[in-house]
Amino acid sequence: MTFADSALRLSALAAHWLHWRPDDFWTATPAELAAILLPPGETHAPPDLDDLMERFPDG
């Protein structure tokens, strides 16, 4: 599944579950989306940039 496919699917889920319009989804930050979807009291740490660069090197 491509990033575009995943983004389209998440946009549809946000519209359905959160009653967001597409513009609401596309202007939300990942942190805002995580904050509204995570269970109360849980936090989500951003991924470590060095770890991501090691796992997904530029080709």
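This briefing covers confidence, salt bridges, an aromatic pair and a surface patch. The model is predicted. Its mean pLDDT is 81, and 93% of the residues reach 70 or more. Two salt bridges are counted, along with one aromatic pair.

**Confidence**
- Helix H2 (residues 22–27) has the highest mean pLDDT among the elements, at 85.
- H3 has the lowest, at 80.
- Where pLDDT is low, predicted coordinates should not be read in detail.

**Salt bridges**
- Arg21 and Asp24 join through their side chains, with 3.0 Å from N to O.
- Arg21 is exposed, because its relative accessibility is 55%.
- Asp24 is at 24%, so it counts as partly exposed.
- Asp51 pairs with Arg55, and their closest N and O atoms are 3.3 Å apart.
- Both Asp51 and Arg55 sit in helix H4 (residues 49–55), four residues apart, or about one turn of the helix.
- Asp51 is partly exposed at 33% relative accessible area, whereas Arg55 is exposed at 51%.

**Aromatic pair**
- The ring centres of Phe25 and Trp26 lie 4.9 Å apart.
- Their planes stand at 80°, over the cut-off of 60, so the pair is edge-to-face.
- Phe25 is buried, with 10% relative accessibility.
- Trp26 is exposed, with 52%.

**Nonpolar surface patch**
- Trp17, Ile36 and Leu37 make up a nonpolar patch on the surface.
- Together they have about 330 Å² of accessible area.
- Leu37 belongs to helix H3 (residues 30–37).
- Leu37 has 45% relative accessibility, so it counts as partly exposed.

Definitions and conventions. Residues numbered from 1 in each chain as written. Heavy atoms only, no water. Patch = residues over 30% accessible without salt bridge, like charges linked within 9 Å, V, L, I, M, F, W, Y side chains within 5 Å. Areas by Shrake-Rupley, 256 points an atom, 1.4 Å probe, with all protein chains shown as cover. Salt bridge = Lys/Arg side-chain N within 4 Å of Asp/Glu carboxyl O. Helix = DSSP H or I, 4+ residues; strand = E, 2+ residues; numbered from the N terminus. Buried < 20%, exposed > 50% of the residue type's maximum accessible area, 1.4 Å probe, protein only. Phe/Tyr/Trp six-rings, centres within 6.5 Å; stacked < 30°, edge-to-face > 60°. pLDDT = per-residue confidence, 0-100.
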